[in-house]
Protein chains: 2
Amino acid sequence: MPYASVHAKLENHFARLTKLEDVAAFLDWDTAAMMPPGGAGSRSEQTAALRAAHHELLSRPEVGSWLDEAEGMGAPEPWSAANLREMRRRWTHATAVPSDLVEALARAESVCETTWREARARSDFAMVRPRLAEVLGLVRQVARAKAERLGGSPYEALLDAYEPGGRCGRIDAAFAELEAFLPGFIAQALERQGGPPKVPPGPFPVSLQRELGLRLMGVLGFDFERGRLDVSHHPFCGGAQDDVRITTRYDEENFTSSLMGVLHETGHALYEMGLPMEWRWQPVGRARGMSVHESQSLLFEMQACRSRPFLTFAAPLMREAFGGEGPAWDADNLYRLYTRVRPDFIRVDADEVTYPAHVILRYRLEQALVGGAMEVDDLPAAWAEGMERLLGIVPPDDARGCLQDIHWYAGAWGYFPTYTLGAMTAAQLFDAACRADADVLPGIGRGDFSPLLRWLRASVHGKGSSLSTDELLTQATGRPLDPSVFESHLRRRYLG
Amino acid sequence: MPYASVHAKLENHFARLTKLEDVAAFLDWDTAAMMPPGGAGSRSEQTAALRAAHHELLSRPEVGSWLDEAEGMGAPEPWSAANLREMRRRWTHATAVPSDLVEALARAESVCETTWREARARSDFAMVRPRLAEVLGLVRQVARAKAERLGGSPYEALLDAYEPGGRCGRIDAAFAELEAFLPGFIAQALERQGGPPKVPPGPFPVSLQRELGLRLMGVLGFDFERGRLDVSHHPFCGGAQDDVRITTRYDEENFTSSLMGVLHETGHALYEMGLPMEWRWQPVGRARGMSVHESQSLLFEMQACRSRPFLTFAAPLMREAFGGEGPAWDADNLYRLYTRVRPDFIRVDADEVTYPAHVILRYRLEQALVGGAMEVDDLPAAWAEGMERLLGIVPPDDARGCLQDIHWYAGAWGYFPTYTLGAMTAAQLFDAACRADADVLPGIGRGDFSPLLRWLRASVHGKGSSLSTDELLTQATGRPLDPSVFESHLRRRYLG
């Protein structure tokens, strides 16, 4: 078969797959943002049927033959070659694991997640422990099966699903550096930050919070012809490139956290909206991986929107939105509020400085659990030990300890490191953007994100998955991941 | 293969199909109610990929062998037998038409529908005529291909997709009777109805209209744990049995039409919510067909909610919802408003009495077009002639004539008669319900729909597709479709 022909077959086939993935994304959005409670049981059946149809299509044996043939011929240009690599990666993930193991894990995850919800509510790890042990046992089998096909360690085979090509050596080195840096830095930052900032007094009606959120989304560059803002219990960014759905949740007593959450999700959304249109339905046209995705949300949230220039621009808009009065609404006070450091137990509520400690703990633990160096029974004690060592605090119960995150209980092993890889990547990209265009930071200060967005479109969004994460970062910033840029950012912001 | 085994295979297979149909229904709801405009292009690709996956699964050759085998063995009980019939019907529809013809028609429909939108806006039939002729040419081929496998005429083969087992002989007879009855009746009704009713003065804020709609949906029996009310340009009922999504659109100058639209869609929703749970994912557990579906919306709208007892109950709620004052809010005036007869050009705005004339016209025309007795070029003249004969008015332009409805341009041929079959069925079912339980009508007068709903659950909703439409109606009312019940209803309401 000539190259063009087998290539066209593969592109047609993967376009069908991508479209079904988009359908699944809209269904997930609906589940979180729209579905009434009575629909839950049927929804899981609908989702499973859709995923089964997708899996059957992806894992057809002829796809493997087409890939062999196309790879044997070589690709005519770099994007096609990268597309072929991404197709192969997806096909390998889909076919590496025997289907009875996939099904057993899906069932175990579903039971474990349900049990976890109750266990967390009761703060009773023992209740879910056997279910988690069952999940882990199956996850280890999946990891070994994938590692045989992908190369690398079993843990890396799981990581690869979220962070394609991710390697523990690189992560270990970066996290070791942060681990050495953080405890001393946190102590310094706490000492420097002074007394508590003033909290703007509420209530803040949801409709006004929503209006302000929409306004600032527009300032950041969100295209409302191609997206929406809605409400869900856990904020996320979903949908598809032409129709990005972000969500938030509102607290009428405190607008600051929801608002910053909206700007975080807007960062994710801008990445999706900026992916290369000419590769719209191909694997190479999709987002690079979770660390790059998180780097885009954190670049907008942490680097741009928690900066003094942005908060100086936004403070009067916030004050005006709620008719606020008094010193709590001063830009300086809002900046202090949005950069407050406080070691605490819950990852999702953590500030920029202590967040990596939560992630490093989880990364170490899941590596040990997947690799077999640790068992589920040891988790609460290991968690307490790690929190003590990294943040100097010990959670008073399991709900504020190893029961707080859904990931492991729902089967997402190998995901955690991408949060902090994303934070470091964000710092490095933002630093490069500011160097490349001197108007990036002043632009942010006057509510003009176009210089920043222009650079990101060219250097990150428009690249899709045509480069590896390392290549992407090296082309955009001149070097691979370098934790010192993140550390410099923290020093400037918290000790400067 | 033993019966149980082939039967289980079929049930598993059709359960997968049903779940994918539900996914498609949610996607369609999203398209109409949620999607931002920029998502339209990608959405049609996503929808097409989903339908292709469904079609491939349904039309697999082994499904035909399983059906042959299962039919050869006979079914253990009536529901399984009916399920087998419904599976066969779906499989036949899916496999009767060569896939290149299916694709050619899908492309032609898509182009024609787009052209139609512009042609309707310009009121220029000539603009879309060649596109419609192309669609009709392909529809005739599809109809012939399906008729060869299903038996019956080509038109009946199209009708069967909306009205399973529908036959023109029965429809012709019923419509001929109505056609004889209507012109004289309309004249009498117009004479009897007196001067125009008072129109409650607006504006009516959307939020208050929505609240009132939700309240009355609750009165009718809508379960908000298993459904939602949203906004779309064309009101409809979508989603799935456990999660029914209805929509409306609001006019701040006039609440009456949107409100009645909500009650109409609630009738559809109650049918879906009442389908037999134990056959949840099987073809036999789905709605019987479009005439029965429309009978449920029209039973609630026309029979129950435009009745004097209901409007006497609802008038104070309407007045209270909008803080209204004066005689326009009297129950008697609202009843006159909601039963006003006025021959006009647009089907969707037509009243209960003149509506069948619009449908009969379209039914005759599409029969002639599909059968080859008429060509697209003759449509505007035939339309004018029919309107003159049936309603005594001639549309001044094509926008108010043969361009007003999307159906033919989008490929929905054989759908129109189900509206009026539904209206007649609604009258017959409501009459039977009132005879079976003397509290049905008094219940409606005090806002208690439970006696009505109880009867419908037992006689219609809970039957799913276990009976043919004729059998369903005969078991529920003691006889097959009888237009005289509808005529009696009209006489009582408009001349009584």
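Mentor: In this predicted model, the axes of helix α12 (residues 308-322) of chain A and helix α13 (residues 331-338) of chain A come within 8 Å and cross at roughly 115°; axes here are lines fitted to C-alpha atoms, for helices over the stretch in contact, with angles running from 0 to 180 degrees between N-to-C directions. Helices are DSSP runs of H or I with at least four residues, strands are runs of E with at least two, and both are numbered from the N terminus. The crossing of α12(A) and α13(A) is right-handed, a crossing being left-handed if the near helix is turned anticlockwise from the far one by less than a right angle and right-handed if clockwise. From α12(A), the residues A:R308, A:L311, A:T312, A:A315 and A:M318 meet A:A331, A:L334, A:Y335 and A:Y338 of α13(A), where contact requires C-beta atoms, placed from the backbone, to lie within 7 Å. By class, this contact has 7 nonpolar, 1 polar and 1 charged residues; Ala, Val, Leu, Ile, Met, Phe, Trp, Tyr, Cys and Pro count as nonpolar, Asp, Glu, Lys and Arg as charged, and the others, Gly among them, as polar.

The domain assignment, which is automatic or from a database, gives domain 1 (1-95) and domain 2 (164-496) in chain A. In chain A, 20 residues of domain 1 are in contact with 18 residues of domain 2, and α1(A) gives the most to the domain 1 side, with 12 residues.

As for the partner chain, 32 residues of chain A are in contact with 32 residues of chain B, and α2(A) gives the most to the side of chain A that touches chain B, with 9 residues.

On conventions, residues are numbered from 1 along each chain as its sequence is written, while chains are lettered from A and ligands numbered from 1 in the order in which they are written. Since the model is predicted, local features need pLDDT of at least 70 and side-chain atom pairs count only at pLDDT 80 or more, whereas totals for chains, interfaces and linings use all residues.

Technical notes: Two residues are in contact if their C-beta atoms, placed from the backbone, lie within 7 Å.
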